[in-house]
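This briefing gathers the computed features of one protein chain, from its overall dimensions down to single residues. The structure is shown first, and the points that follow are grouped by topic.

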Amino acid sequence: MSKNVKQSRGFRMPHVFIILLLIMLLVAALSYLVPSGSYDRVVDESTGISVVDPDTFRYVENENPVTFLDYFEAVYSGFVNGASIMGTLFISSGMIYLLEVSGAFGAGIHLILNRTKGREFSVVCIFYTIFVIFGVLGYGEAAYPFYPLAVTVGFALGYDRMVGTALAIVGSTVGFTAGLMNTFTTGVAQQIVGLPLFSGIGYRAVGLAVFYVIGLVGLYTYCRKIKRDPRQSLMAEEYLNQKQQAGTEQMEEMTPRRALGLLLFLCTIIAQGYGCLRLGWGLAQIAAIYLIMGMLLAVVFRIPPSEACQLFCKGATRVFAAAFAVGMAQAVVVLMNQACIMDTIVHAMAVLLENKSAILALLIIFVFVTLFNFLVVSGSGKAVIIMPILQPLGSLLHINQQVLVLAYQYGDGITNSFWPGSSLVQLAMCGVDYGSWIKFCWKIYLSFIVSAFLLVAVAYTIGYGPF
């Protein structure tokens with residue numbers, strides 16, 4: 001390695017599994033330090049969603065604090081709870097691998113490169129926008145199989161692994177946070193507080209534009225920096241080796257079969273988006289259409305059935321670490337539920353909000369959701385706990401319910417790819433360590449957070465909602 005390449009010394013970020021085990025250990029410790037408490041759950045007749053009754057909080061005696069064996073059993077329980085996500089990851093990644101080994105992706109990227117000579121960042125913008133759209137549609141975990149493809153695109157454009165990782169993760173974060181048609185945060189939260197589904201979309205579109213520009217500027221700044229001096233790359237050693245090998249690989253040529261394979265892939269993505277948005281599809285249906293796509297690809301590329309199965313297994317094993325991380329992230333939730341401290345933390349926030357000014361209350365809500373996201377990454381899961389409590393508090397503080405939803409939505413969405421609970425899964429898909437990711441993204445995400453609260457404050461000032 002060149003002497004000029006920056007070498008990492010001293011502390012190195014632990015493996016994704018170690019970090020998740022430490023978060024689990026934190027929750028186990030909290031089960032002995034934080035008093036257990038509980039709200040009653042009731043089913044909202046208008047929406048059919050089970051929500052908390054904000055007037056029923058009580059402290060309870062927790063007869064089952066997290067024991068030594070519970071801590072390790074939670075990993076298995078987390079795997080069970082995360083089985084639907086893990087299964088979809090394995091199936092979709094295995095089927096997409098059939099398209100990769102056919103050379104279709106390579107040929108498609110080659111075609112794009114030939115038509116964008118000298119305009120590489122324009123391709124970054126295109127793929128960044130695609131992932132923003134995925135986020136707008138609320139893809140969440142359903143977009144994970146496309147993350148390695150984004151890294152491949154970044155490599156092909158002459159950038160490092162971080163660029164491909166960022167265009168996928170930051171793009172998804174921008175779209176998901178804006179919440180234009182995000183069923184998991186905006187949709188659930190609005191239903192709980194009695195607002196029309198996806199109402200107030202105009203102002204959220206303004207937020208989308210603000211976040212989009214911030215993310216794109218962050219990407220452009222980094223791309224420009226490493227193009228000028230590859231040693232500035234956060235993955236300098238890999239990047240310099242990559243540049244030395246550039247041009248030595250033979251590019252794939254586009255053929256009718258490869259074009260048909262890419263068309264099948266595009267149809268699958270469109271079907272996935274339409275199904276999730278209009279037909280209420282979940283992960284089971286998404287996995288099913290990828291199975292169908294894989295079978296059709298085997299026919300198109302004349303891959304024998306047994307060989308197709310072997311390729312599928314090889315493709316699925318590439319996301320083993322990410323799937324394992326999903327299970328361990330779910331283990332954190334298992335321990336939170338066993339400790340009975342989730343409701344206690346939310347109740348403490350509700351007490352803190354009493355007799356506060358509207359703007360200060362909104363700031364507390366925003367910061368609380370942002371921090372609470374460290375422990376509970378599920379947007380819809382937090383919504384059914386937090387929003388029924390915020391609804392009456394909002395009325396007392398004369399805060400529009402639409403503004404409350406906006407504060408919740410921004411607090412949840414931004415840090416989904418910053419706190420380790422969910423970002424480690426995404427980073428495992430891209431082969432990037434958490435430390436390098438934080439070095440890259442902290443300025444971007446700080447800008448997201450500041451602009452998000454300003455958007456919430458402006459929304460309150462102009463009387464955004466209720467629609």
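A crossing of two helices is called left-handed if the near helix is turned anticlockwise from the far one by less than a right angle, and right-handed if it is turned clockwise. In this predicted model, helix 3 passes helix 13 in a right-handed crossing, and the crossing of helix 16 past helix 20 is right-handed as well. The chain that holds these helices has 20 helices and four strands.

**Overall form**

- The radius of gyration of the protein chain is 23 Å, close to the 23 Å that the globule rule gives for 467 residues, so the chain is as compact as a globular protein of that length.
- Taken along the principal axes, the box filled by the C-alpha atoms of the protein chain is roughly 65 × 50 × 50 Å.
- Of the 467 residues of the protein chain, 54% count as buried.
- Among contacts in the protein chain with a separation of 6 or more, 80% are accounted for by residues 24 or more positions apart.

**Helix 3 against helix 13**

- Two packed helices are described by the angle between their axes and the distance between the axes.
- For helix 3 and helix 13 (residues 305-317), the angle is about 115° and the axes lie 7 Å apart.
- On the side of helix 3, the contact is made by F90, I91, S93, G94, M95, Y97, L98 and V101, while helix 13 contributes A308, L311, F312, K314, G315 and A316.
- By class, the residues of this contact between helix 3 and helix 13 divide into ten nonpolar, three polar and one charged.

**Helix 16 against helix 20**

- Helix 16 (residues 358-372) packs with helix 20 at an angle of about 145°, and their axes are 10 Å apart.
- The residues that meet are A358, I359, L362, L363 and F366 in helix 16, and I449, A452, F453, V456, A457 and Y460 in helix 20.
- The contact of helix 16 with helix 20 comprises eleven nonpolar residues, with no polar and no charged residues.

- Helix 19 (residues 420-430) is mostly covered, since ten of its eleven residues are buried.
- The buried residues of helix 19 are P420, G421, S422, S423, L424, V425, Q426, L427, M429 and C430.
- What covers these buried residues includes helix 1 (16-33), helix 3 (83-101), helix 6 (147-156), helix 7 (161-178), helix 14 (320-339) and helix 20 (434-461).
- Just after helix 19, G431 takes a positive phi of about 75°.

**Q242 in helix 10**

- Q242 is found in helix 10, which spans residues 236-245.
- With a relative accessible area of 18%, Q242 counts as buried, because the cut-off for that class is under 20%.
- Leaving aside residues up to four places away in sequence, Q242 touches F155, G158, Y159 and D160.

**Cysteines**

- When a disulfide is taken as a pair of cysteine sulfur atoms within 2.5 Å, the count comes to zero disulfides.
- C125 is in no disulfide, and the nearest cysteine sulfur to it, that of C223, is 8.6 Å away.
- C223 is likewise in no disulfide, its nearest cysteine sulfur being that of C125 at 8.6 Å.
- At 2% relative accessibility, C223 counts as buried.

Definitions and conventions:
Residues numbered from 1 in each chain as written. Predicted model: local features only at pLDDT ≥ 70, side-chain atom pairs only at ≥ 80, totals over all residues. Heavy atoms only, no water. Helix = DSSP H or I, 4+ residues; strand = E, 2+ residues; numbered from the N terminus. Buried < 20%, exposed > 50% of the residue type's maximum accessible area, 1.4 Å probe, protein only. Contact = heavy atoms within 4.5 Å. Axes fitted to C-alpha atoms, helices over the stretch in contact; angles between N-to-C directions. Nonpolar A, V, L, I, M, F, W, Y, C, P; charged D, E, K, R; others polar. Rg over C-alpha atoms; globule rule 2.2 N^0.38 Å.
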